[in-house]
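Here's a quick briefing to read with the model open beside you. Have a look at the fold, then work through the notes by topic.

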Amino acid sequence: EADRMVATRGEGQLDPNDLLHRKFTADTPGTLLVGDTTYLRTTQGWLSLATVIDLATSFLVGCRIIGYLRTPSVIAALEMAQLHGHLQPRAICYDSRGTL
């Protein structure tokens, strides 16, 4: 779409898949969410933490800890948010690395 606003990903790079247009706020809970992943060092080794945060409330609405970072762990965090009623129909979940 020629008139669609696109956000930048780094200096000079466009991200045509950014449906939030770098607007990380929402008025209605469950409509706009962000996902993130990180590694946690534990006494038993490294674990992967996938999270989903609601942009209207800033609440952590879904998470998953697993021994490795894979798409299923990120999807499980989003499914947790859905299972507990934190997603509205047609919700958008943004992840800067493209995992969600």
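**How the strands pair up**

Strand E3 (residues 32–42) and E6 run parallel and are joined by three bridges. Two strands count as paired if DSSP finds at least two bridges between them, and the elements themselves are DSSP runs numbered from the N terminus: helices are H or I with at least four residues, strands are E with at least two. Keep in mind that this is a predicted model, so local features need pLDDT of at least 70 and side-chain atom pairs count only at pLDDT 80 or more, while totals for chains, interfaces and linings use all residues. Residues are numbered from 1 along each chain as its sequence is written, and side-chain values use heavy atoms, with hydrogens and water left out.

**The chain overall**

- You'll find one helix and six strands in the chain, and reading along the sequence gives β-β-β-β-β-α-β.
- Of the 100 residues in the chain, 29% are buried; buried means under 20% relative accessible area, exposed over 50%, and partly exposed in between (1.4 Å probe, protein chains only).
- The chain exposes about 7,100 Å², with 52% of it supplied by carbon and sulfur atoms. Those areas come from the Shrake-Rupley method with a 1.4 Å probe, and for residues only the protein chains shown count as cover.
- Take the contacts between residues at least 6 apart in sequence: 37% of them join residues at least 24 apart. Contact here means heavy atoms within 4.5 Å.

**The sheet**

- Four strands make an open sheet with mixed pairing, in the order E5-E4-E3-E6.
- Which strands stand at the edges? They're E5 (60–66) and E6 (92–94); each has a single partner strand, so one side of each is left without a neighbour in the sheet.
- On average, neighbouring strands of this sheet are turned by 25° against each other, direction ignored. The axes behind that angle are lines fitted to C-alpha atoms, for helices over the stretch in contact, and angles run from 0 to 180 degrees between N-to-C directions.
- E3 and E4 run antiparallel, joined by 10 bridges, and the hairpin between E3 and E4 goes through two residues.
- For a couple of landmarks, valine 34 has tyrosine 94 in E6 as its bridge partner, and tyrosine 39 stands opposite serine 48 in E4.

- Threonine 51 sits in strand E4 and counts as buried at 15% relative accessibility.
- Leaving aside residues up to four places away in sequence, threonine 51 touches Val34, Gly35, Asp36, Leu60, Gly62 and Cys63.
- Leucine 47 is also in strand E4, but counts as partly exposed at 28% relative accessibility.
- The C-alpha atoms of leucine 47 and isoleucine 66 are separated by 5.7 Å, with the two residues 19 apart along the chain.

**Nonpolar cores**

- The largest nonpolar core has eight residues: Leu33, Ala50, Val52, Val61, Val74, Ala77, Ala81 and Cys93. A core of this kind is a set of buried Ala, Val, Leu, Ile, Met, Phe, Trp, Tyr and Cys residues joined through side-chain atoms within 4.5 Å.
- Strand E4 (45–54) and helix H1 (71–83) are the elements that give two or more residues to this core, and H1 has the largest share, three residues.
- There's a second, separate core of five residues, with Ala26, Leu32, Leu55 and Tyr94 among them.

**Cysteines**

- The structure holds zero disulfides, where a disulfide is a pair of cysteine sulfur atoms within 2.5 Å.
- Cysteine 63 is partly exposed, with a relative accessible area of 29%, whereas cysteine 93 is buried at 18%.

**Positive phi in the loops**

- Most residues other than glycine have a negative phi.
- Serine 58, in the loop between E4 and E5, has a positive phi near 65° and counts as exposed at 59% relative accessibility.
- Arginine 90, in the loop between H1 and E6, has a positive phi of about 65° and counts as exposed at 80% relative accessibility.
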